[in-house]
Structures are given as structure tokens and as C-alpha cells.
Amino acid sequence: MPMNRQRGFAGIIMLAIFGIVMVMMVTGAMRYIQSSQQAGTTVHAVTQSQIKAWTGVEAMRQFFYQTGPTQLAALSVGDAINFPTDSGLSGQLVAISTTAPTCVDGVQLVVNVFGAAARTSAGVQSIFCVIEGQTLTTYNMGNAVFIKGGLSLGGDINILNGENTNTSFYVEGDIDGHGSISGFSLLYSTGNVTLGGSQNDIATVAAEGDVTLSGSGGYGNVTAMGNISMSGGVNTLSAKANGNITLHSSADVAGTLSAIGNVIMEAGTTAGNVLSQGNVTATNATIGNLMVEGDFSETSNGAVGSGQVGGSINRADWNEKVNVSHIEGLTVAITPVTPVSVTDLRVDAWALKSAANLAFDIDTSGNILVQVRNMSGIANGDYYLAGQGKNRDYLCDTPSYSDSTCHKKVCVGYSDSNSCFNYVSKDDEWQLDGSQFVPAVLWFNGSVDVGTGTYVDTVIATKNISTSGSHTIKSINFAGYNDVCATSNFADFYATNLCSAGTLVYNPLANIALLAGGYVDDVFYGGDITLGASTEVYGSVIAGNLLFSGGNTKIYGYLTVANQSGSTEGSDFHGSTTIDLSSLPEVYNPGEVVTGGSQQGGGNGTGSANTKVTQLWSRYL
């Protein structure tokens, strides 16, 4: 490349190209043959020189791939291309652009490459687009509900699992609520769990802190790295704590109660088996079998079917229902409760912009600017959203509507004169309200209020998302081919990367219905999702910060709340929230998503980041 600048870089280029040329001879010949067949070029006298020229073109493509757009953007028009002196190749950089509409977010380079052989020469001019590869992680979520930052539960939340075996509910922080939780295989907290109200059908409640259960409810297993306290009509099959366990009033453990610390059982409480490495104090309680390393005391009319005590035994002389014996040096084996390791993930809407079909922004003049990718009937590039009256909401080459410069309508309003878009600059908020939007992956710079209506889209916002009115949104994969690729309003305007040959092309990003929040200079902004009354979401919901649900909300997918701002508020659920996994389409996988960043702390994601080099056009000189 350049001889007149960056000489160290030029030397590296020469060495790189020398190796590439040797490897690319066969490929160059194949490219020549293909080109000659297409162009009808069969003149034998120039065959060898043309092969050399195509070899040089392929060498340039490989070099661009290895170098990447950042360094290539530093080159200058007119720079010579240094091939090895005995290769018979020469070349020059003819043009370079970082704003070409045919190479969005990349560097477009025009190069002339000449090959010489047997006293003949041939030249090929090629245009390349070089785009930096984006690392996008496909993340396989291990929990149907993942909430980071704590949860305040004022309403009800339940899960309908059908045949879906992943129904765990993981909260990084405290869980505090008096509503009901039902249907989950695991309710896990890295902090404390405090639940009242009526709970049903939770296989396991686990906490790295304390567990406090009151009201009424049935649980399978309860475990805590701290203490456990149960009261009221609470009943469990088993309970295990690294600290103390206290049963109040009529609490019941049908199976085994295990505590590395002490056990306190008040009047009316029962346990099938009690194991303790500390002391056990009972007052008119009922125990089936007892094993305690420390002291045992029953101060009233309680009962123990059988038991062994390593320490002292204290009971009333008249109480013949306590059948225990002293075993000096008794040890009780209890395996401590240990924390669950869960892979974290990073949510970043900015990283997903390049994966969107339509990316909405505002230019410096206040015009709506739309970056289009992989949509039928329109070239990739930047367009304005323009028009008035019945010609509203068209993708146009200029900020004003014209039949000759406007191409596709992106949505259908409630009437011809109604726009589907309203941008409120003071709030940096997009307000969507129309009868139908083009089914696609939609990206917005700012916050989004998704209004009344039914949407078949994946909606991504760099700040916050809220829903209002009677709202339904279906993710691309949930909706399926007919609702995405064959709609009457957008029969000739569809996402070509999602629709192919009569089938829906699976894309993990398209499992998401709503995703909010992104990083700017390593600072996280937005990320709150607020689901209004009567909201139905057919797809996974990913809030980069917190989630607030205040009405009758149904989510047919997984729910993830990442709290990347480090908020101490926690998410808040009121009203009724249902996670329905009972009957999902075959092409839809709610647990496999793309969030715009790599997972933290290892785990189960996959990602790639390769420079993309596209040869846009070539001709003989």
C-alpha cells in the first residue's frame, strides 16, 4: 500500500501480500475463469496476465480481511500497492471512503491491480467494502426468570411450564413480597427471601442469606446459607440451613429438618426428622426422629418418636412421649448449603444496531434518519423517514417526500393521515402508535413507548421501553413465517435475512420481543422496561436495568433483568404477571438470545468477531 506514509506499515503490507500471493494463485485462476465465462473473455494471449491480475485482486481481499477497517481508513488515495518484485503484479489505491452508502459503517476502497505475463498485461479495478466484525454473543439463559438487583413483589407471579423443564426463578439480591409465587421449580436469591401470602407449587426455595416464610403456602425444599424461619400455615417437605432454623405456630416440615446451627420448635410445630449440629429447643412440638450433637430440651408436652443426643437432655419427668438417649461424642453429618453459580450477561443495545433491519435515529437537523439493512426492494444505506398525509412514514433519499426518491412505507397508521411515529426530543422518546409495523428487528436511539396495537417485531432501545394501552407484541420467531414474511401490507417489503424460500430463517436475536439499555463510553444508560396494564408479550423480555410490571401482564418467554446501572431500588411487580411456556412454536427458543455483549464469568454463550470483506464490483481496465 502506501509508499509515502506509514513506511513501517507498508513493509508489513508487502510481506503479507507476498505470502498471500503465493497461496492465492489457484484462487485467482478460478476467479479469472469464472469472470471470463461471464464476460465472454476468451482471448488466449492475455490469459496469463489476467490470471495474475485476479490473483492480485484476491490477495488484496485477503489483506483487507487481515488488516481491518481501522488501519485501512488511514490510507490515502494514490498510494501504491507493493507486491513482490517478481510477482508480475502492481497496483494503486484509487479511492477510499468511510461514508459510502454502499458500505454502511465500513471503509470502501477502490483498487486497480495489474498483472503482466508473456509481454502482455491486464488490469482489474475492484471495489471492496470492509466492515469491522461485531462480537455478538448467543446466550443460552439458564433461568426462565433472572432478576438482578432485588425484587419487590406486591402482586402475583406464576409460571405455566407445560413440557418446559427450565422454570427456575433466580434473583441476585433480596426477594421481598406478600403476593403469590407459583409453578417454579426453583426460587433462588443471593440475598434474603421474605415471603408472605399464599404460595403454591414451588419445588425449592433457596437463599444465600436468610429465608423467612409466613402466611400460608406449600413448598418442596427450603435451603439457606443463613437462617430459616417459618410461621403460620407454612409447610415444606424439607428444610436445611447453615445457620439456625425456627418453626413458629403451626409450621410443618414433613420430611427432614437439618441445621448446622440451632433448632427452635414452638408449640404446634412438627418435623419428621430433625438433624442439628447445635442445640434443639422444643416447646410442645412433635418430632419423628431426632439427631442432635448438642443439648436437647422439651419444656412442655411435646413428643419425640426416637432420637440420640450428644449433649444434655432436659424434659419434664412426667413427659413419657420423649424417647431419646444420650450418646457421648455423637456427630451428625450435614452437608452445608453452597451457592449456585450463574453466568451473568451483558446487555448493550448499541452493539445490536448493526444487526437491526431498521435503525431509527435523529440527525443534527432534527430529521428522522433510518439505517436500512437486509430489507427487500431497497438497498442498504441511510434514509430519511418522510412524508405528509397519506404519504407519511416513507423511507426517502431526502428529508421530504417525492415519488421518485421515496421507496418503502415502514408502517400503517390508523388512517392514511395518521403517522405511526412521534419523536419527543425533550424526553428523547419515540412514541409508536399504528395498526401495523413492518415485521423486522427495529432499533431506536433513545427511549420507546410502544402504544396500543399488535406488533410483530423485535424492539431494541438504547434507553428505556414502556408499553401502554392494550398492547401485544410478538417476536419474529414466535410469530412465524406467515406473519413475518407474507403479510398483505408488506408483501414486497420484508427482512431478507429472516425470510428465505418460503421459510423463516432462525435467528437467536429474533427470540426477543423487547430489549432496553446500552453503554456509551462504558457508562450504562436506560435499561428500564415498564409493562403497562393488559400487556401481552410473545417473546423474551430483556431489561438492561430494572423491570416494572403494574397490570395484568403475560409473557410467553423468558424474563431477564440485568440491573447494569447498579440500582439499589430493585424491580417491582404489582398486579398479575404470568410467564407462559406451556405451548410454544417449534421455531421459537425463548432461552437462546443475543444481548449485544459477552456473558461475564464464563458460561454457555458463543460469539464471533471477524472482519467482513465484500467485493462489491469489478471490471477490466
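**Reading rings and burial**

Tutor: Tyrosine 423 has 24% relative accessibility and counts as partly exposed, because buried means under 20% relative accessible area, exposed over 50%, and partly exposed in between (1.4 Å probe, protein chains only). This is a predicted model, in which local features need pLDDT of at least 70, side-chain atom pairs count only at pLDDT 80 or more, and totals for chains, interfaces and linings use all residues. Residues are numbered from 1 along each chain as its sequence is written, and side-chain values use heavy atoms, with hydrogens and water left out.

Student: Is tryptophan 430 buried or exposed?

Tutor: Tryptophan 430 is buried, at 0% relative accessibility.

Student: How many aromatic pairs are there?

Tutor: A pair of aromatic rings is described by the distance of the centres and the angle of the planes. Rings of Phe, Tyr and Trp (its six-membered ring) pair if their centres lie within 6.5 Å; planes under 30 degrees apart count as stacked, over 60 as edge-to-face and the rest as tilted. The count here is 21 aromatic pairs. Tyrosine 423 and tryptophan 430 make a tilted pair, with 4.9 Å centre to centre and 55° between the planes. Both belong to a cluster linked by ring pairs, which also includes Phe360, Phe421, Phe437, Phe444 and Tyr455.

Student: Which ring lies under the charged end of lysine 474?

Tutor: A charge sits over a ring if NZ of Lys or CZ of Arg is within 6 Å of the ring centre and within 35 degrees of the ring normal. For lysine 474 the ring is that of tyrosine 538, with 5.4 Å to its centre. Arginine 346 lies over the face of tyrosine 519, 3.8 Å from the ring centre.
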